[in-house]
Amino acid sequence: MILKVIGIAVISLAITFGIALGLIASQRPTDLSDTEGGLDFTRLVAGTADPLPLLSVPLRDGFAAQVRYLPGPEGAPLLVLVHGSGWDGGQFDAITPELAEVAEVIAPDLRGHGARPGRRGDVDYIGQFEDDLADLIAAFAKPDQRVVMAGHSSGGGLVIRFAGGNYGKMIDEAILLAPFVQYDAPTTRPNSGGWARPLTRRIIGLSMLNAARIHALDHLTAIQFAMPDEVLNGPEGHRATTAYSWRLNQSFAPRRDWGSDIAALPPFLLVVGTEDEAFVADAFVPTFAEHTDRGKYLLVEGKSHLDVVSSPQAINAIKAMLTDG
C-alpha cells in the first residue's frame, strides 16, 4: 500500500514537472521593436539633467552598487529613491538636487540595471533587492535618522514589498509614485498599457516549479519591455534593460498577497498622474484604502506615468512630507 501511494506521488510529480517544462519551453522572448503603445522613454532620456556622480558601494555579497548621493542639510532625513523598470537611478537626476534641499538623498542603480548592472536583467535569488536596499540604508543612515523610501512604478512596488518584508521597520515613511501593485490589481492596465510583455505560459510553468521548491530555471526571461528604438540606439542605450528574469521580476513587485504588503506600509504619500498610460489613476485610493488608513493621495492633473515624477505638484508634496513628516 505504501509503495502504491509513493508510486502515485512520483507519477503526479513527474506529470506536474512535465507540464511545467512544457509551458516554459512553449514561449520564448521575441523582438518587440515594432510594438505599439508603451511608455515614452524618449522624453525621459532627452530631458535628462546633467548626470550626478556615482559612488561605488559594496553590498553583502561584494557586488558594487552604483549610487548617486547628495548630502542634504544637517539633521535631514535619508531619502532612498528607487527607480522603475527598464532604466536606472539616473531617472531622478533632474529632481534630486531640489530634494536635497530638505533631505540626504541616495539614488542607486538596482543590480541588473544601469551602465554597470552585473548580470543585466537578473539577480541571484528572489528577494535580493530587499537585501540590497537594507545594505544601502545601513551604509548611509546615521543613528536615529529618519528614513524615507520612495519609488516610481516598479520601484514603488519594491517599496511596498520592502515594507511588507523582513526589513520593513527600517523605513519610517514611504513615497509611492504611480506604483506597480500586481498584474491583477485594480490599478493595473493590461500589460501596463503596452509597456510590458509578460511571457505568461513561461511564468505559469516557473510558478509551478517554484511551488515545488525547484529554482534551477529562475534565471529564464519572464517579461520583456517595449523600450523605444530611439532610446536603445541612442547614446544612453547602454543603460536600458529590456527583459527581466523570473527571479528579478518577482523581486521587483509586492508579493502575491499584495494586500498584506500594502497593509504593512508606514505612513505614505501616493502620487499618480491622471493621464497615466500604465495604471488606472482613480483606482489607487479605493485599492489602498481597503488595506490601510495611513496614506495621503495626490492625483496630478494631466500628467503621464513618467512625467508625474518631475511634476512641480509631486516635488512640492514630497518636500512637504520630508519636511513635516
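Predicted model: local features only at pLDDT ≥ 70, side-chain atom pairs only at ≥ 80, totals over all residues.
## The largest pocket

The largest pocket holds about 760 Å³ of space, and its lining comprises 35 residues, with Phe180, Gln182, Tyr183, Ile203 and Asn249 lying nearest the centre. By class, 19 of the lining residues are nonpolar, 12 are polar and four are charged.

At least two lining residues come from each of helix H5 (154–164), strand E7 (196–198), helix H6 (200–211), strand E8 (221–225) and helix H8 (246–251); H6 gives the most, with four residues.

## A nonpolar surface patch

Ile11, Ile15 and Ile19 make a nonpolar surface patch of about 290 Å². Isoleucine 19 lies in helix H1 (residues 2–25), and it counts as partly exposed because its relative accessibility is 45%.

## Salt bridges

The whole structure contains 21 salt bridges. In one of them, arginine 60 pairs with aspartate 135, with the closest N and O atoms 2.8 Å apart; this pair links distant parts of the chain, 75 residues apart, since arginine 60 is in the loop between strand E1 (54–58) and strand E2 (64–70) and aspartate 135 is in helix H4 (residues 128–140). Arginine 60 is partly exposed at 49% relative accessibility, whereas aspartate 135 is buried at 17%.

Arginine 68 forms a salt bridge with aspartate 93 (3.4 Å, N to O); arginine 68 lies in strand E2 and aspartate 93 in the loop between E3 and H3, so the pair ties together parts 25 residues apart in sequence. Arginine 68 counts as buried at 6% relative accessibility, and aspartate 93 counts as buried at 4%. Arginine 68 also forms a salt bridge with aspartate 88, the closest N and O atoms being 3.9 Å apart.

Key. Residues numbered from 1 in each chain as written. Heavy atoms only, no water. 1 Å grid on protein atoms, 1.4 Å probe; cavity = no way out; pocket = protein on both sides within 12 Å on 5 of 7 lines; lining within 4 Å. Points joined across faces, edges and corners; volume = space filled by probe spheres on them. Nonpolar A, V, L, I, M, F, W, Y, C, P; charged D, E, K, R; others polar. Patch = residues over 30% accessible without salt bridge, like charges linked within 9 Å, V, L, I, M, F, W, Y side chains within 5 Å. Areas by Shrake-Rupley, 256 points an atom, 1.4 Å probe, with all protein chains shown as cover. Salt bridge = Lys/Arg side-chain N within 4 Å of Asp/Glu carboxyl O. Buried < 20%, exposed > 50% of the residue type's maximum accessible area, 1.4 Å probe, protein only.
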